[in-house]
Amino acid sequence: GAECVFSSEWDDSARKTYEHNFKSISPELFKSGNFAGDITKVDKSEIPDFDILCGGFPCQPFSQAGHKLGFEDTRGTLFFDIAEILKIKKPKAFFIENLSRFILCSAKL
């Protein structure tokens, strides 16, 4: 029963797939302009209020394969974008996972 009110994805191919899969389920997300690209360019205070944040940031900066550069790797700093959104929006719940890329979706109950 939740409704996605904001999502972020910078990769063009992934954006097309996301829109194909979710436009019929959450048409307002796409009409409202709340399907953002690069999260680092989003004013976090302008994200609509939401109850649940589901997101992830690339695992490579923290893995053996990524040479464990952590926050020294730009991809690793995407963690702080999620932290900033959580601080500003204060949702009831959040789920964060290491992924191969950054992804974010927020929903209202």
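Modeller: The residue to look at is K89, which has its place in helix α3, residues 78-89, where a helix is a DSSP run of H or I with at least four residues, numbered from the N terminus. This is a predicted model, in which local features need pLDDT of at least 70 and side-chain atom pairs count only at pLDDT 80 or more, while totals for chains, interfaces and linings use all residues. Residues are numbered from 1 along each chain as its sequence is written, and side-chain values use heavy atoms, with hydrogens and water left out.

K89 counts as buried because its relative accessibility is 14%, and buried means under 20% relative accessible area, with a 1.4 Å probe and protein chains only. The side chain of K89 makes a polar contact of 3.0 Å with the side chain of D49, and a polar atom of the K89 side chain also lies 3.5 Å from the backbone oxygen of S45; such a contact is a pair of N or O atoms within 3.5 Å, of which, within protein, one must be able to donate a hydrogen and the other to accept it, and residues adjacent in sequence count only if both atoms are side-chain atoms. Leaving aside residues up to four places away in sequence, K89 touches K44, S45, I47, P48, D49 and F50, contact being heavy atoms within 4.5 Å.

Methods:
Helices (H or I, at least four residues) and strands (E, at least two) are DSSP runs, numbered from the N terminus. Buried means under 20% relative accessible area, exposed over 50%, partly exposed in between (1.4 Å probe, protein chains only).
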